[in-house]
Structure formats: C-alpha cells, structure tokens
Amino acid sequence: MKLSNPPRSLIGLSGIALTVLMGACTSLKREQSELAVPGRWQGRASSTVPLDTTSLPKWWQRFNDPVLNQIIAEALQSSPDVRTALARVDEYKARRGVTKSNLFPTVSAGFTGRASRTDNRQTNLITNSDSYSTSLDASWELDLFGKLRQNFKASSADLAQVTEDHYGAQVTLAAAVAEAYVDLRTAESQLAVYERNLATRGETVQLTRWREQAGEGNSLETQQAVSTLEQARATIPTLKQTIEQTRNQLALLAGKTPGALNAQLMKRQKVPQPPSVLAIGIPAETLRQRPDVRAAERGIEAAVARVKSAEAERYPTLTLSGSLGLDALKSGSFFSPEVAAANAAGSLAAPIFNASRIRQTINIQSAQEKQVVIAYESTVLQALNEVENALIAINRTNERLQTLNGAVASAREAATLAAQSYEAGQVDLLDVLDAQRTLLSLEEQQTLTQGSRTTAHIQLYKALGGGWSKQG
C-alpha cells in the first residue's frame with residue numbers, strides 16, 4: 001500500500017493562507033453601551049438595609065405564609081412556562097454541541113458490492129464476477145481565522161441567554177403566584193368585612209322593626225334599613241366569584257387543573273404582611289441579579305461573535321481531506337485485498353468576487369449587534385424604572401394605610417355611638433345608616449390598601465431579580 005506525500009503541498013497552502021491573513025486588516029468597531037447607571041435609588045426609604053442576595057431566591061418566605069410557600073414551590077416544579085423554558089435550554093445545549101462538532105474532523109465509511117453475469121452465446125460460457133470495495137474518508141476544515149470558533153462562541157452565548165430566560169421565567173412565575181395569592185386573601189378579607197357589616201346592619205333592621213312595633217318608629221325607617229342591608233348583601237356573590245376564580249388562576253399558574261388547590265386554599269387567611277424593613281442594594285447590584293439584564297448581556301456577546309464570524313468569511317478556508325480504500329474480488333479477501341489505495345489532499349479556497357455578499361452580511365450582523373445593544377439599554381432602563389416604581393408604591397401605600405387605620409378606628413367608634421344613640425332615641429336612623437356606610441367604605445379601602453402594599457413589596461422583589469436559583 002503506497003501513500004502519497006502531501007506535507008509540502010499542505011505547507012504551501014498554509015503559507016498562502018497565512019500570507020492572506022497578514023494582509024487582511026480591517027475590523028469593524030464594536031458597539032458599546034454608554035448608558036449611565038445611577039448610584040442610588042430615588043425612592044429609597046429610611047428603613048432600608050443592604051441587599052441580601054442569599055435571601056432573594058426565595059423572597060416569598062419573608063412573608064411567613066406556609067401556604068404561599070407551598071404553592072410557589074409547586075408552581076416552580078409544574079408550571080408549563082418554566083418547563084418550556086427548561087426545554088429550550090436543552091435545545092440550545094444540543095445546538096451548541098452541533099456547532100462545536102464543526103471544529104473537529106468528520107470521518108465516514110462506505111461499502112459497496114457489485115455482482116455481474118456475462119453470457120457468451122458463441123462459446124456458451126457464462127461468467128459470474130463479484131467485486132467489493134470499502135473506504136474510510138476524513139475531512140477537516142482548519143479554523144485558521146477563527147470563523148468556527150466565533151460560531152461556537154455565539155452558540156455558547158445563545159445557550160447562556162436561554163438559561164437566563166429560564167431563570168427569568170422563574171422570577172415572573174413566583175411573582176405572579178404571589179400576586180394572585182394576595183388577590184385571593186384580599187378578596188377573602190373584603191368578604192369578611194361585608195359579613196361583619198351585614199351582621200351589624202341586620203341588628204339595625206331588627207331594631208327598627210321592634211321600634212315600629214312599639215310605635216316609636218315607622219315603616220319608612222324599617223324599609224330604609226332593609227334597603228341598605230340588601231345593598232351590602234348584593235356584593236357578596238361578586239366577592240365569592242372573585243375568590244373562586246382566583247383559586248383557579250393559582251391552579252393554572254401551578255400547572256394544575258381547576259380546583260386542584262382548593263384543599264390548600266379553602267381555609268381563610270389574612271393578607272400576608274410584608275417585612276417591616278426593606279432589603280435593597282445599589283442599582284448596579286440589581287442589574288447583576290436580574291436574569292433579563294444578564295440575558296441581554298449574553299445577547300450582545302452572541303451578536304459580537306457573529307459579526308466576527310461574518311468578517312472571517314473574507315479570508316480563505318483550508319480543508320484537509322484523506323481517504324483509505326480497499327478493493328477485493330471476494331468478500332472474504334478484505335484482509336488480503338487485491339487493491340489498496342490511500343490519498344491525502346488539501347484545498348484552499350478564497351473569495352474573489354461575490355457581488356459584495358460578504359460585506360452585506362457583515363453589515364447585517366453589525367446592524368443586529370447595534371439592535372441588541374439598544375435592547376440591552378432598554379432592559380436596563382426598564383429594570384431601574386420597575387424598582388423605582390415599586391419603591392414609590394411601597395412608600396405611598398404605607399402612608400395611605402396609616403391614615404386609613406386611624407380613619408377606620410374613628411369610624412368604628414362613630415358607628416357604635418350612633419347605634420347606641422339611635423336605640424336611646426337621641427338620633428335619627430339616617431345617622432346610623434350613614435355611619436355604617438362610612439365604616440364599610442373605610443374598612444374596604446383599608447383591606448384593599450393592605451393588599452396593594454403587599455403587592456408593591458412583591459413587585460419590588462421581582463424588580464430586584466429575586467425568585468430564581470441555579471438549582472431551580
């Protein structure tokens with residue numbers, strides 16, 4: 001078996017390629033973001049402590065609600081959105097593997113068999129012949145100018161980006177479950193307020209009837225009391241509808257069928273109380289923690305690598321190939337073949353004229369790089385805006401809740417005094433009904449504000465990038 005001698009030709013081709021590499025020079029300027037990140041939050045309250053990133057992955061535990069903890073844990077395991085994001089991670093792992101394989105040689109094997117029959121009518125001889133051949137072929141594109149390596153870098157950045165998207169899906173899901181849970185407990189608290197008010201108004205109706213029977217009142221007062229009682233009662237079905245539908249929403253977020261969480265949610269609970277002290281850091285810490293910002297950074301890395309790969313298209317490609325073939329007249333003769341051949345070759349191909357296709361491809365990739373940089377800046381601005389808005393909401397709902405707490409206490413005392421005065425015949429029924437309406441309105445506002453304050457804390461934790469972990 002005789003091998004050809006390729007080293008000189010290959011060395012010559014490599015020399016030509018290196019010469020072209022030394023002659024090629026221009027490289028496009030990389031896009032960079034010049035967005036300035038502030039050093040502190042505008043809405044930062046006085047009762048804040050440095051950000052504890054170790055508690056952010058499970059921030060909901062700060063609300064001390066075991067039911068909420070359990071539902072979020074189930075959702076993070078079963079949610080279709082999170083499972084889909086995780087499947088995309090598996091997909092891009094495989095894509096990166098395909099890209100990485102281009103850095104290595106490819107080897108293929110082939111086998112052919114042929115049978116022929118010759119019938120000579122003049123000699124009446126029939127000749128049968130068989131022939132077999134097998135080959136082992138190899139090909140390898142040498143990555144002289146880094147095109148394949150840049151493609152692998154881009155693929156790796158794509159994988160990192162979808163991984164951050166998976167973390168981002170966890171952040172979004174945990175916040176959505178917590179907000180729905182707060183909506184449920186808020187509606188339950190509203191229902192409790194109306195039930196207490198119905199009991200009080202029922203007592204007022206009974207009192208007006210007794211006064212009417214005793215000749216101290218009249219039918220008008222009785223009907224006015226009944227009217228306000230039924231007006232409050234009409235709200236009960238709406239609240240029950242909200243409660244039942246919110247339970248189904250929580251089941252949907254957890255990837256379960258409607259009603260699957262009813263056993264856990266059936267017992268009424270108060271609106272979860274947020275921690276008294278906020279744990280926030282500087283804006284730069286938040287940007288490092290948020291998966292969407294990190295994903296945008298990985299997108300920039302992928303775009304830069306693709307621009308460099310497009311630029312490398314201007315340079316020659318060097319491909320090495322070789323094959324080993326064996327031919328035999330019988331299938332059992334492969335260990336002593338009649339013919340054995342081997343060859344090796346190298347080919348160098350360089351673009352000369354392509355109607356500016358390569359240049360336009362570079363322009364496309366450069367424009368896409370500029371787009372992802374702008375998208376990164378937009379993501380950063382959105383992140384900063386979400387934190388500031390959440391801080392504003394926390395500060396303002398705290399102020400509103402403090403005012404409402406005082407107003408409710410006064411309204412409750414006024415309603416009690418009005419009922420006592422009416423029973424003693426010192427005030428009209430309208431004063432009692434007006435005091436009860438005021439108390440109901442203020443208690444409802446108080447309950448809704450408690451829910452809004454807790455939701456504002458949830459939005460802050462989401463804005464800070466909490467709710468994900470690499471183990472999740």
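# Briefing on a predicted helical chain

Among the elements of the chain, helix 1 (residues 7–23) carries the lowest mean pLDDT, 38, while helix 6 (residues 236–253) carries the highest, 97. The coordinates come from a predicted model, and across the chain the pLDDT averages 84, with 83% of the residues scoring at least 70. The secondary structure amounts to eleven helices and six strands, and of the 472 residues in the chain, 38% are buried.

**Confidence**

- Residues 1–28 have a pLDDT below 50, although in the model this stretch still makes 31 contacts beyond near neighbours in sequence.
- Where pLDDT is low, predicted coordinates should not be read in detail.

**Contacts and the nonpolar core**

- Among contacts in the chain with a separation of 6 or more, 84% are between residues 24 or more positions apart.
- The largest nonpolar core comprises 77 residues, and those with the most contacts inside it are Trp59, Leu250, Leu265 and Leu460.
- Two or more residues of this core are given by each of helix 2, helix 3 (80–101), helix 4 (147–213), helix 5 (219–233), helix 6, helix 9, helix 10 (357–423) and helix 11, and helix 4 gives the most, with 17 residues.
- Leu460, one of the core residues with the most contacts inside it, touches Leu278, Ile280, Val387, Ala390, Leu391 and Ile394 when residues up to four places away in sequence are not counted.

**The pairing of helix 9 and helix 10**

- The axes of helix 9 and helix 10 come within 9 Å and cross at roughly 170 degrees; because angles over 145 degrees count as roughly antiparallel, the two helices are therefore roughly antiparallel to each other.
- On the side of helix 9, the residues making the contact include Asp292, Val293, Ala296, Ile300, Ala303, Val307 and Glu311, and on the side of helix 10 they include Ile358, Ile362, Glu369, Val372, Val373, Tyr376 and Ala383.
- Ile300 has its place in helix 9 (residues 291–312), and with a relative accessible area of 17% it is buried, the cut-off for that class being under 20%.

- Ser155 lies in helix 4 and is buried, with a relative accessible area of 6%.
- Ser155 touches Arg95, Arg96 and Thr99, again not counting residues up to four places away in sequence.

**Helix 11 and backbone details**

- Helix 11 (residues 429–463) has 35 residues, which at 1.5 Å a residue should span 51 Å, and this agrees with the 51 Å between its end C-alpha atoms.
- Just after helix 11, Gly465 takes a positive phi of about 85 degrees.
- Asn64 also has a positive phi, of about 55 degrees, although Asn64 is not a glycine.
- Asn64 is found in the loop between strand 1 (48–49) and helix 2 (66–78), and at 68% relative accessibility Asn64 counts as exposed, the cut-off for that class being over 50%.

How values were computed
Residues are numbered from 1 along each chain as its sequence is written. This is a predicted model: local features need pLDDT of at least 70, side-chain atom pairs count only at pLDDT 80 or more; totals for chains, interfaces and linings use all residues. Side-chain values use heavy atoms; hydrogens and water are left out. Helices (H or I, at least four residues) and strands (E, at least two) are DSSP runs, numbered from the N terminus. Buried means under 20% relative accessible area, exposed over 50%, partly exposed in between (1.4 Å probe, protein chains only). The expected span of a helix is 1.5 Å times one less than its number of residues. pLDDT is the predictor's confidence in each residue, from 0 to 100. Contact means heavy atoms within 4.5 Å. A nonpolar core is a set of buried Ala, Val, Leu, Ile, Met, Phe, Trp, Tyr and Cys residues joined through side-chain atoms within 4.5 Å. Axes are lines fitted to C-alpha atoms, for helices over the stretch in contact, and angles run from 0 to 180 degrees between N-to-C directions. Angles under 35 degrees count as roughly parallel, over 145 as roughly antiparallel, 65 to 115 as roughly perpendicular and the rest as oblique.
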